Amino acid sequence: MRHFLTTIAFALGLTGFAASGFAATQYPLTINNCGQQVTFQKTPSKIVSIGQGMTEILFSLGLADKIAGTAVWVGPVLPKYAKADSKIARLADNDPSFESVAGKEPDFVAAEFEWHIGRQGAVGKREQFSELGINTYIAPTDCVAKINAGGGDGVRKELFTMDLVYQEIDELAEIFDVRDRGDALVADLKKREADAVASIAGAKAKGLPIVFWFSSKEVSGDAYIAGKNSAPAYILKTLGAKNVVTTEEEWPLVGWETIAQANPAVIVIATMDRRRYAADDPKVKLDFLQKDPVTSQLDAVKNGHFVMMDAQSMNPTIRTIDGIEILAKGIRSFGLAE
């Protein structure tokens, strides 16, 4: 009888496995990542993650126990991962040194932005890591249809979509042989995205001019404003609103006189813990907008139409969906929805 039950259980297990379609990753595994072939002989065992968005995806895939160090943080980690994050070495809030990354002896370095480990190699070039036997991975969100050779935040030639985030999740899940987790995460994010779109079905803001302000090197100087193909542009397209910036640069520096000509109805202000630039602090942003002789005359400022948004929701990350929800709520609260 016991043998019969065991046979049934085993059969059911195989049936469940087949139905799920989650075959184990076959190594060696080779993927094409940002123009470079990367081969994995086995599942990586120790990770250094450079970029908050990258780290939060790794956390979401249940890989916290493999992460030996992180760097490049804009704000607090997602609350549900705070405990796991507190146990991991933070190599730097901004750019870590090559030595600090290599010193953790990882076999996998994952970067959110190409300029950290790409040709520019602000942290180190891929070849440098390869010479130490360390595989590297760059988020597709920062290299697919995007040119980073000119410095700054790069030029995005096509509108960002969440499909690039889903590609990143799928590839990382395959590399780490956790495709079941990857599929579950993508399914959850797609549902949230669909729910967010449905939630604003009656709140479309057709043609409503909106500007996303990330930061500024000098408070009264030109501002880093979201370009026409950026993650914020995707948020605006989803809501039916209009981006006041038409350049392909990811975060171009734009003068407030130019922004004033577009006279945005809403200004989305990035909130962050980072204090690299003079206008990183959202309170500083608000104070400038309300007191500057040019910006104080904008409709958005006179009407108090400010939407505070976590900076990570303005980057191409799993938090971009949060950005859709936050801006939709703001548009409704201002009575600007059609």
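Guide: Leaving out residues up to four places away in sequence, Asp 153 touches Lys 146, Asn 148, Glu 250 and Trp 251, where contact means heavy atoms within 4.5 Å. The model is predicted, so local features need pLDDT of at least 70 and side-chain atom pairs count only at pLDDT 80 or more, while totals for chains, interfaces and linings use all residues. Residues are numbered from 1 along each chain as its sequence is written, and side-chain values use heavy atoms, with hydrogens and water left out.

Asp 153 sits in the loop between β8 and β9; helices (H or I, at least four residues) and strands (E, at least two) are DSSP runs numbered from the N terminus. Its relative accessibility is 38%, so Asp 153 counts as partly exposed. On that scale buried is under 20% relative accessible area, exposed is over 50%, and partly exposed is in between, with a 1.4 Å probe and protein chains only. Gln 120 is 33 residues away along the chain, and the two C-alpha atoms are separated by 12 Å.

Asp 153 also belongs to the lining of the largest pocket, where Trp 115, Gly 152, Asp 153, Arg 274 and Arg 276 lie nearest the centre among 39 lining residues. A pocket is found on a 1 Å grid over the protein atoms alone, as an open set of points with protein on both sides within 12 Å along at least five of seven lines; a cavity is a set of points where a 1.4 Å probe fits but cannot get out, and lining residues have an atom within 4 Å of a point. The largest pocket holds about 730 Å³ of space; a volume is the space filled by probe spheres set on the points, which are joined across faces, edges and corners. At least two lining residues each come from α5 (114-117), β8 (146-147), β9 (155-156) and β10 (209-215). By class, the lining has 15 nonpolar, 12 polar and 12 charged residues. Here Ala, Val, Leu, Ile, Met, Phe, Trp, Tyr, Cys and Pro are nonpolar, Asp, Glu, Lys and Arg are charged, and the others, Gly among them, are polar.

The second largest pocket has about 330 Å³ of space. Fifteen residues line the second largest pocket, and Cys 34, Glu 114, Gly 118, Arg 119 and Gln 120 are the closest to its centre. Two or more of its lining residues come from each of α5, α6 (126-131) and β8. This second lining divides into five nonpolar, four polar and six charged residues.

The partner is Cys 143, with the sulfur atoms 1.9 Å apart. The torsion about the S-S bond is about -70 degrees, so the disulfide of Cys 34 and Cys 143 is left-handed. It links distant parts of the chain, 109 residues apart: Cys 34 is in the loop between β1 (29-33) and β2 (36-40), and Cys 143 is in the loop between β7 (135-138) and β8. Cys 34 is partly exposed at 23% relative accessibility, whereas Cys 143 is buried at 16%.

The loop between β7 and β8 also holds Ala 145. Ala 145 is not a glycine, yet its phi is positive, about 55 degrees. With 26% relative accessibility, Ala 145 is partly exposed.

There is also one cavity of 30 Å³ or more in the whole structure. The space in this largest cavity is about 40 Å³. Its lining consists of Gly 53, Met 54, Ile 57, Glu 112, Ala 139, Thr 141, Glu 168, Pro 316 and Thr 317, and the largest share, three residues, comes from helix α2 (residues 52-60). These lining residues are four nonpolar, three polar and two charged.

Met 54 and Ile 57 turn up again beside Leu 172, which, apart from neighbours within four places in sequence, is in contact with Met 54, Ile 57, Leu 58, Leu 61, Phe 108 and Tyr 137.

Technical notes: A disulfide is a pair of cysteine sulfur atoms within 2.5 Å.
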